[in-house]
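Please brief me on the structure shown below. The points are grouped by topic.

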Amino acid sequence: MNQEFELIAKTFMGLEPVLAKELTLLGANNVQIGRRMVSFTGDKEMMYRANFSLHTAIKILKPIQHFKAQSADDVYEAIKKIDWSEYLDNDHTFAVDSVVFSEEFRHSKFVSYKVKDAIVDQFREKTGKRPNISVANPDLRLHIHIADVAPGKSECTLCLDSSGESLHRRGYRQESVEAPLNEVLAAGMILMTGWQGETDFIDPMCGSGTLLVEAALIARNMAPGLFRKEYAFEKWPDFDAELFDRIYNDDSQEREFKHHIYGYDIDMKAVNTARLNAKAAGLTADITVEQRDFKDFVQPKEKSILVCNPPYGERISTPDLLGTYRMIGERLKHQFLNNDAWILSYREECFEQIGLKPSIKIPVFNGSLECEFRKYQIFDGKLKEFRKDGGVVKSEEEKRQMSEKHRFKKNREFKQRLDEQGENEENDIRSFTFHRHDVKSTKDFKGSRDFKGGRDRKGGKDFKGDRDFKGGKENRNRGGHERFDRSKGGKKSFKRDRYDED
């Protein structure tokens, strides 16, 4: 029987219950919700699956030591007692990340230095040599968390970082726009709505298309880790390549998506960016992106859900912010009847302009901004008649989510007061600045990857994203791709791959 150990999944404030539900469905044990994190237990396979499959986690940490400390010297001594030869040698590099909430330990970098010194000194004393530090691409990533539990006493947790780069960096984003929505937050928003692909999905202000791609992954129950180049645990001495290959190539839980996802934006550059990102994810069969102003939005032909992240006036400048929200409310009221709309925003003044009564308000952070995610049920007629006909305004789960709202400020004020009657009321809804990331184009998205269990890693062919759908099902080529077979001294062999080439 595989050994079970403690694990921690980090996330954003407000997404903890969503992440806990994901972990429970994944089969994790002892799931406990904390602040910006969810703790659980599982074996090596669970750790791999958590990294690969969770939509709302940003890191998966493996605690290896808990201790109390009153000073920096206490931290140094506790770290030095660990046998670091189990995790590291002189030929490999490491890095230390720290998070500190303590009166005694005021500087996180100082804590990182003490951890580093303890490890280096142990190797010097035992071997006469020391491992090197690599901030950019270490072989071993460590994370230490320190928080006060009593005056003059702090609780310390030292973890191995099994993820490496934040899990929100899925790997499909080729370009972005100003203030793009974080992938983890986007997935969390969609999961909060309860949508699993049973209707069409619409984002009328889609920007770079993050909500669209995340919605398609959720609808098809595809793992967001499919596009990642690597995880930190792949460099660990006990990495089980065969186990991870099996997890990566297992598509038995994926499902058909019989509806469609639509994205619209007023800016053609944003439309092109969203299309590029959808193609990189291989999801163009599910996603259609068109140039269209929200004020021209018309009633969809099919049952739909609308999820939208309009500008807040914080990082994206909008000539008439309040006028934009009045327009959103008018379009929803007249052109989205008998459907549900979910809006993420920051300012109470903006929500007021929508002019519709929300059925639920869920607090959630977008970066450092304390936002609310509000649901609007759009129905024709009066609420009393809607309920009489069997309409449900709040489910039990939504009532529970509503109870969370006390954590957030009741009154949010403009940093700069906006004029509701701005003379540029008819101007563009959004103003974008585009940033091209230093990544490969979709042509050679697999770029410099080697093959590990069917994944194209170093030196592979083009990753071209579009999949071939026949009769509503993917036609995946499961053979013919090269991979490195470690059991044969690095020689290439053939093994199935999750994606076929164009």
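## Briefing

Glu 104 is found in the loop between strand S5 (94-101) and helix H4 (108-127); helices (H or I, at least four residues) and strands (E, at least two) are DSSP runs, numbered from the N terminus. This is a predicted model, in which local features need pLDDT of at least 70 and side-chain atom pairs count only at pLDDT 80 or more, while totals for chains, interfaces and linings use all residues. Residues are numbered from 1 along each chain as its sequence is written, and side-chain values use heavy atoms, with hydrogens and water left out.

**Whole chain**

- The chain holds 12 helices and 20 strands.
- Of its 502 residues, 53% count as buried; buried means under 20% relative accessible area, exposed over 50%, and partly exposed in between (1.4 Å probe, protein chains only).
- The accessible surface of the chain is about 24,000 Å², and 45% of that belongs to carbon and sulfur atoms. Accessible areas come from the Shrake-Rupley method with a 1.4 Å probe, and for residues only the protein chains shown count as cover.
- Among contacts in the chain with a separation of 6 or more, 75% are between residues 24 or more positions apart; contact means heavy atoms within 4.5 Å.

**Negative patch**

- Glu 104 forms a negative surface patch together with Asp 74, Glu 77 and Asp 148.
- Patches are made of residues with over 30% relative accessible area and no salt bridge, with like charges joined within 9 Å and nonpolar side chains (Val, Leu, Ile, Met, Phe, Trp, Tyr) within 5 Å.
- Lys and Arg count as positive and Asp and Glu as negative, whereas His and the chain ends are not counted. The place of a charge is taken as NZ of Lys, CZ of Arg, CG of Asp or CD of Glu.
- Glu 104 counts as partly exposed because its relative accessibility is 46%.

**Salt bridges**

- The count comes to 19 salt bridges, each defined as a side-chain nitrogen of Lys or Arg within 4 Å of a carboxyl oxygen of Asp or Glu.
- Asp 238 and Lys 44 form a salt bridge, with their closest N and O atoms 3.7 Å apart. This pair links distant parts of the chain, 194 residues apart: Asp 238 is in the loop between helix H6 (210-219) and helix H7 (241-249), and Lys 44 is in helix H2 (residues 44-53).
- Arg 220 and Asp 286 meet through their side chains in a salt bridge of 2.7 Å, N to O. Arg 220 lies in the loop between H6 and H7 and Asp 286 in the loop between helix H8 (268-280) and strand S11 (287-291), so the pair ties together parts 66 residues apart in sequence.
- Arg 220 is buried, with a relative accessible area of 3%, and Asp 286 is buried, also at 3%.
- Glu 372 is buried at 7% relative accessible area, and Arg 374 is buried at 4%.

**Loop between H3 and S5**

- Thr 93 lies in the loop between helix H3 (72-80) and S5, and is buried because its relative accessible area is 19%.
- Not counting residues up to four places away in sequence, Thr 93 touches Leu 88, Asn 132, Ile 133, Ser 134, Asn 137, Pro 138, Asp 139 and Leu 140.
- Tyr 87 is found in the loop between H3 and S5. Leaving aside neighbours within four places in sequence, Tyr 87 is in contact with Ile 64, Ile 82, Leu 140, Leu 160 and Pro 237.
- Tyr 87 and Asp 139 are 52 residues apart in sequence, and their C-alpha atoms are 9.9 Å apart in space.

**Helix H6**

- H6 is largely enclosed by the rest of the structure, because 10 of its 10 residues are buried.
- The buried residues of H6 pack against helix H5 (183-193), strand S9 (200-203), strand S10 (261-265), H8, S11 and strand S12 (304-308).

**Positive phi**

- Asn 221, in the loop between H6 and H7, has a positive phi of about 55° although it is not a glycine. Asn 221 is partly exposed, at 31% relative accessibility.
- Asn 338 lies in the loop between helix H9 (321-335) and strand S13 (339-345), and its phi is positive, near 65°.
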